[in-house]
Amino acid sequence: MASKDELQSILKEKYGINKNISQELSKEECQKILHLLSREPSAIKLVESFAQKNSSLGNKNSYYSRMRNQAESKLKSLKTEYRGLEESIKTLEKNKEPLGARKKQLEQEREKLEADIQKLSAENRDLGVEVKTLSSRNNELTEANDQLKKDNKALKNLVDEIRLKLAMSTKKLLQYEDSEIRKALIKMFGSTLG
Amino acid sequence: MNLEGKELGELFRLADEIGGKRYHRLTPQDFEDYRRFDYWRYVSGDFECGTTQESKDWVKDHSDWDCPICEKSYSKTGGKTIDHKLPRAQYPWLSLNFENLWVICRACNQRKGDMHWYEYEHYMFTRYPVLYLAVKSARPSKLLRSLNDQTNPETIR
């Protein structure tokens, strides 16, 4: 007399009925099914259809299970990532405040520098005007200096020319006979005209 | 300056003193002008490096055997020298104006020294009257007139 397990093995081998399906049946019911299947091809067909469907469902189940595992794994990593991001956000929020203060400080410094630039620019413009004025005055002084050095020499030559003419005139006067005039002229000639 | 009561001789002495001064400030341009002659006359502008061929040629073209003042042979009076009729120390802008240059003997050049032109004429008239006409004929009238121009100093650069 065959045991239930042996009967289940026969059902598996001959008709593709898995043991986990036939497990719900009693030994007698396994015998009845074997008997039925040996006589009814339509039942065999039905059982094979069930087995095929079961196999297909099993494959799908396995596929979905893998997908679910992948999704769970993905979810886990996303959660980890999310937590990381939350931490980062917290850190950023924490840093935001001093950065805001720094930004404000930099903004103030920028405004101060801007004001300095404007001030320097104004000073530069003033200096530019001053340079132009000084340059103009310098040109005037250079021209005056050039004129002055010529005037100085012209005056010196004029005086020398007067002295020369006086010397010439005196020499002519000395040709006259009057001894008193000659004496006076010689005296003047000697003391003034060399 | 109080000129009242001064004798003519004293007035002339004062005029000489003032005329000998440089009333203008000696500018870098003046010094550059002054040195212009040196760079033309001497190699590298240095007396010890010898005279340039260009200035030698100029001397040759503007002189003969005798000095135009004393009319003595250059060989007997120390050789040829280039003189500034209006001395370049006082007239730096005329340093290399060729109308201001002439060739005279060394003795006459030393006698002339740094005198202004009419001062030199007067000196020659009173001390060397025989040579005066030669000096007078060399008078740089055009340059002397240019001192009265109201334009910039005349220079040849």
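Me: In this predicted model, what is the relative accessible area of Arg36(B)?
Reply: Arg36(B) is partly exposed, a class lying between buried (under 20% relative accessible area) and exposed (over 50%), with a 1.4 Å probe and protein chains only. Residues are numbered from 1 along each chain as its sequence is written, and chains are lettered from A and ligands numbered from 1 in the order in which they are written. For Arg36(B) the relative accessible area is 24%.

Me: Which residue forms a salt bridge with Arg36(B)?
Reply: Side chains of opposite charge can pair when their charged atoms come close, and a salt bridge is a side-chain nitrogen of Lys or Arg within 4 Å of a carboxyl oxygen of Asp or Glu. Here the closest N and O atoms are 3.2 Å apart, and the two residues are 3 residues apart, about one turn, in helix α2 (residues 28-41) of chain B, where helices are DSSP runs of H or I with at least four residues, strands are E runs with at least two, and both are numbered from the N terminus. The partner is buried, with a relative accessible area of 3%, and is Asp33(B).

Me: How many residues apart in sequence are the parts tied together by Arg139(B) and Glu121(B)?
Reply: The side chains of Arg139(B) and Glu121(B) meet in a salt bridge, 2.6 Å from N to O. Since Arg139(B) lies in the loop between α6 (132-137) and α7 (141-146) of chain B and Glu121(B) in helix α5 of chain B, the parts tied together have a separation in sequence of 18 residues.

Me: Which residue of chain B meets Lys156(A) in a salt bridge?
Reply: The two side chains come to 3.8 Å, N to O, and the pair joins two chains, because Lys156(A) lies in helix α4 of chain A and its partner in helix α5 (residues 117-127) of chain B.

Me: At what angle do helix α4 of chain A and helix α1 of chain B pack?
Reply: Axes are lines fitted to C-alpha atoms, for helices over the stretch in contact, and angles run from 0 to 180 degrees between N-to-C directions. The axes of α4(A) (residues 41-173) and α1(B) (residues 8-20) are 9 Å apart, and the helices are roughly antiparallel (over 145 degrees; under 35 counts as roughly parallel, 65 to 115 as roughly perpendicular and the rest as oblique). The contact, meaning heavy atoms within 4.5 Å, includes Lys156(A) and Asp160(A) of α4(A) and Phe12(B) and Arg13(B) of α1(B). The packing angle is about 150°.

Me: How far apart are the axes of helix α1 and helix α3 of chain A?
Reply: Helix α1(A) (residues 4-15) and helix α3(A) (residues 27-39) pack at an angle of about 30°, which makes them roughly parallel. Their contact includes Leu7(A) and Tyr15(A) of α1(A) and Ile33(A) and Leu37(A) of α3(A). The distance between the axes is 9 Å.

Definitions and conventions
This is a predicted model: local features need pLDDT of at least 70, side-chain atom pairs count only at pLDDT 80 or more; totals for chains, interfaces and linings use all residues. Side-chain values use heavy atoms; hydrogens and water are left out.
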